[in-house]
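Here is a short report on one protein model.

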Amino acid sequence: MNLLKLPFQIVMFIVGGIGYYCIELLYRAGNSHWVMLIIGGLAFLLIMDVNYIFRKKNLFLRLTLSTIAVSLLELISGLIINKWLLMKVWDYTNCAYNVCGQICLRFSFYWTLICLVLIVLFDISRILYRKIIPYMSKS
C-alpha cells in the first residue's frame, strides 16, 4: 500500500495523534493513554480546518478559534471518556478554573501554544503536500 496515496486528512490524523501522544509522554514522564492518540488526531484536524477556513484572517483570530475548538473537543471527549465511560484518563478537578474537571485554563493555555506552532506547520505542510504528492504520483 502506497502511503502517499492516502488522503491528506488521514495522514494528518495519524501525524497529529502520534505527535500529541509523544507530547503526553514527555509531559507526563512516559505515561499516557491510547485514547490520547485519537484525541490528538482529532485536535490536529480541528486546528488544520480552522486554519484553512480562516486562512485569510489574522493569526490572533485563528489562534483563538483553534484554542476554543480544541478546548471544546477536550471537554466533550472528557465527559464521554471520563464521566460516562468511567475510564479516568484525566482529571483537572484540582486545577483552578476547571469545567467539570475535564478542561482548565492552564491546559487551554498549553493548547494555545501547541495551536500556534501547528498553524504555522499546517500552512507549510499544505504547500509541501500539494507540490510533492502530484510530482511523486507521476512516476
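Leu86 is exposed: its relative accessible area is 60%, and the cut-off for exposed is over 50%. The model is predicted. Leu86 sits in the loop between helix H3 (59-84) and strand E1 (98-99).

The backbone at Leu86 deserves a look. Its phi is positive, about 55°, although Leu86 is not a glycine. Most residues other than glycine have a negative phi.

## Cys100, another positive phi

Cys100 is not a glycine either, and its phi is positive, near 55°. The residue belongs to the loop between E1 and strand E2 (103-104).

## Packing of H1 and H2

Two packed helices are described by the angle between their axes and the distance between the axes. For helix H1 (residues 8-27) and helix H2 (residues 35-53), the angle is about 125° and the axes are 7 Å apart. H1 is therefore oblique to H2. The crossing of H1 past H2 is right-handed.

Which residues make the contact? On H1 they are Phe8, Gln9, Met12, Phe13, Val15, Gly16, Gly17, Ile18, Tyr20, Tyr21 and Glu24. On H2 they are Met36, Leu37, Ile38, Gly40, Gly41, Leu42, Phe44, Leu45 and Met48. By class, the contact of H1 with H2 has 14 nonpolar, five polar and one charged residues.

H2 has 19 residues, which at 1.5 Å a residue should span 27 Å.

The buried residues are Val35, Met36, Ile39, Gly40, Gly41, Ala43, Phe44, Leu45, Ile47, Met48, Val50 and Asn51. Among them, Met36, Gly40, Gly41, Phe44, Leu45 and Met48 also take part in the contact with H1.

Trp111 is part of helix H4 (residues 105-137). Is this side chain's residue, Trp111, buried or exposed? Trp111 has a relative accessible area of 7%, so it is buried.

What does Trp111 touch, leaving aside its neighbours within four places in sequence? The contacts are Tyr20, Ala43, Ile47, Val70 and Glu74. Of these, Tyr20 is also in the H1 side of the H1 and H2 contact, while Ala43 and Ile47 are among the buried residues of H2.

Trp111 can also be placed against Ser66. The two are 45 residues apart in sequence. In space, their C-alpha atoms are 8.7 Å apart.

Terms used: Residues numbered from 1 in each chain as written. Predicted model: local features only at pLDDT ≥ 70, side-chain atom pairs only at ≥ 80, totals over all residues. Heavy atoms only, no water. Axes fitted to C-alpha atoms, helices over the stretch in contact; angles between N-to-C directions. Helix = DSSP H or I, 4+ residues; strand = E, 2+ residues; numbered from the N terminus. Parallel < 35°, antiparallel > 145°, perpendicular 65-115°, else oblique. Left-handed = near helix turned anticlockwise from the far one by under 90°. Contact = heavy atoms within 4.5 Å. Nonpolar A, V, L, I, M, F, W, Y, C, P; charged D, E, K, R; others polar. Buried < 20%, exposed > 50% of the residue type's maximum accessible area, 1.4 Å probe, protein only. Expected span 1.5 Å × (residues − 1).
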